[in-house]
Amino acid sequence: MLSIKDLHVSIDDKAILKGLSLSVPAGEVHAVMGPNGAGKSTLSYALAGRPGYEVTSGTATLDGVDLTALDPSERAAKGVFLSFQYPTEIPGVPALTFIRTALNAQRKARGEAEISAPDFLRMAKEKAGSLKMDFDMLKRPLNVGFSGGEKKRMEILQMAMLAPRLAILDETDSGLDIDALRIVSEGVNAMRAPDRAMLVITHYQRLLDYIRPDRVHVLAAGRIVASGGPELAHELEREGYDKYAQVAA
Amino acid sequence: MSLAKAIATGDLAELPSRRDEDWRWTDLRGLVRTIPEQSKSFVGNLAPGVFDGLAEQVVSIVNGEIRTGMTIAAGGEHVVAVRYIAAPGATAHSAAPKLEIGNGRVVLLETFEGADGGYLSEIDLSLDIKAGGHVERIVLTDDAADAVSVARCNVTLAPGASFSQTVILGGAKRQRIETHVAHPGGGASVRLDGLYLLDQRRHGDITTVVTHTGVDGVTSQMTKGVVRDQARGVFQGRIIVAHGADKTDAKMRHDALVLSDRAEVDAKPELEIYADDVSCAHGNTVGALDEEALFYAEQRGIPALEAKAMLTEAFVADVVDRIEHEGARAVVRALVADKLRGQASTGGQGQ
């Protein structure tokens, strides 16, 4: 489903990803772990198409479509969702309005009809309830004045509403206390599906106690240097990233 | 020295120029090369105005001529539309209507409308708001791109009265909406809001002067602007708090979005305070759209053009939200959304 081959990405002419290859089949959850500066966020931004993240060679395809040739909104319509490490505040746009605009824009791009207002509200209420979010929060401008935990929940809510093919979770555990971590993780686990792939990017093993990955990859110095089962995450927790840093160098 | 005087006398030297501090960003003398003949009377029918459906009385001032009487019944609530129209063929004209408002609530819905042809127009409105009077003034401009249009409003306010204003500028070759308020304090309150939405080579200038002369006066000012292409926005806001006008509470904000490299915003917020015990503040920002917010919206599937329009509409929304008259607020909101979307889709020069 997601297939990344020999991906090179530069920011301001500085190479960050240097030949990264990775495949995530449909229905699987893969974790990417790595030390600070390894290129974890660069990977997520490059897949989402953030301006300034220049793919200099290699490919990243989703269902056979080369993502690198598409605009960010086109990638979203194809099913790419990025849960941001630091979700942006959108002053003046209520969360509900924002999500509905996004959902309808994606539907339009795929040639589907718009969702009706009652159907949309019903879905928003149901998903917000399962994430234990106060529905009134959705009437406020998106993320403005929200706590770190509230912002992360809002990301997962949007993911649930947009139902992407590929969900990329960038450091979703950062800034969460243990209760929020549990709720957010349950929200993510509820999204596991045979036709969906997930890429969980994290520095710490902690999140993976809640979201159990099928595979764990180690990212160091811009490449995947090791891959294994869930036990690899525990090994990293015990032994740190030192030996991979040396492998990469 | 004013455009109206220049029109009346044909003397170019009467035009305000960049040497006048208050006109340095809206120079008329360097722009206008000749003063044309005065506009002829317009004979014919007028198309309906945008506020006609909301008003109990519509006053039209066409080519500077007041066509129907401009008096407002005393007491009660009244919604009056005033249309300043430069008809096709208009050349140069001015008018100085006067309104006296006693006890009661009056909503003034003013429009400046003009046809192409490079007319010069100045309207000087005097508003005398007596004790117990509450006026909300909403001004929409739709001047021609080649016009020079100046509108000045002098407001005299009694203690305890209130004046609220929202001006929405679409610009012209040169366009200026100037408001002067003599603020007596004594519980009188003033709200002066503005919005300029300018594209192509249009120029829009919002200038305000509020003079607090008595104890206990409130002024609240919010102005926002969006400029693109090679447009130029000007905001000059001055609040003067005279000696003895203690307990004055005055706040002024101006925030502008510049959406192209060749667009320009000039802003001069000023507080002149001669009293000791006051609460006064001003803030001013000029910047581009937030790139982070734009990428975030695009990541969620909103195409770039639509995301920009959404963020721009959100930016100006609170000025529109502060309009008190519900019907007028809805009209303005729809016009602002249309204008922003129209400007975004036809824009391109210099972007």
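This is a predicted model: local features need pLDDT of at least 70, side-chain atom pairs count only at pLDDT 80 or more; totals for chains, interfaces and linings use all residues.
Start by selecting Asp12(A): with 7 C-beta neighbours inside 10 Å, Asp12(A) counts as exposed. Residues are numbered from 1 along each chain as its sequence is written, and chains are lettered from A and ligands numbered from 1 in the order in which they are written.

Stay on Asp12(A) and check its backbone: phi is near 50°, a positive value in a residue other than glycine. Most residues other than glycine have a negative phi. The residue sits in the loop between strand 1 (2–11) and strand 2 (14–24) of chain A. Helices (H or I, at least four residues) and strands (E, at least two) are DSSP runs, numbered from the N terminus.

Now jump to Asp63(A), in the loop between strand 4 (53–62) and strand 5 (65–66) of chain A. Phi is positive here too, about 50°, and Asp63(A) is not a glycine. Buried or exposed, or partly exposed? With 14 C-beta neighbours inside 10 Å, Asp63(A) counts as partly exposed.

In chain A, an open sheet of 4 strands runs in the order 2-1-4-5, with antiparallel pairing; two strands pair if DSSP finds at least two bridges between them. Strand 2 and strand 5 of chain A are the edges, each pairing on one side only. Strands 4 and 5 of chain A are antiparallel and joined by 2 bridges. To find one, select Thr61(A) and its bridge partner in strand 5 of chain A, Asp66(A).

Next, the other sheet of the tour: an open one of 6 strands in chain A, ordered 6-7-8-3-9-10, with mixed pairing. Strand 6 (80–83) and strand 10 (223–228) of chain A each have a single partner strand, so one side of each is left without a neighbour in the sheet. The twist averages 20° from one strand to the next. Strand 6 and strand 7 (residues 166–170) of chain A run parallel, joined by 4 bridges; look for Phe81(A) opposite Ala167(A) in strand 7. Helix 5 of chain A lies across both strands, at about 170° to strand 6 of chain A (axes are lines fitted to C-alpha atoms, for helices over the stretch in contact, and angles run from 0 to 180 degrees between N-to-C directions).

Show both chains. Their contact takes 22 residues from chain A and 16 residues from chain B, where residues are in contact if their C-beta atoms, placed from the backbone, lie within 7 Å. On chain A's side, helix 3 gives the most, with 5 residues.

Val80(A), Ile168(A), Val200(A) and Leu109(B) have the most contacts inside the largest nonpolar core, which has 171 residues. (Such a core is a set of buried Ala, Val, Leu, Ile, Met, Phe, Trp, Tyr and Cys residues joined through C-beta atoms within 7 Å.) Helix 3 (residues 304–321) of chain B brings the largest share of this core, 7 residues. Beyond its neighbours within four places in sequence, Leu109(B) touches partners including Phe51(B), Ile138(B) and Ala328(B).

Note on methods. Two residues are in contact if their C-beta atoms, placed from the backbone, lie within 7 Å. A residue is buried if 20 or more other C-beta atoms lie within 10 Å of its own, exposed if 12 or fewer, and partly exposed in between; C-beta atoms are placed from the backbone.
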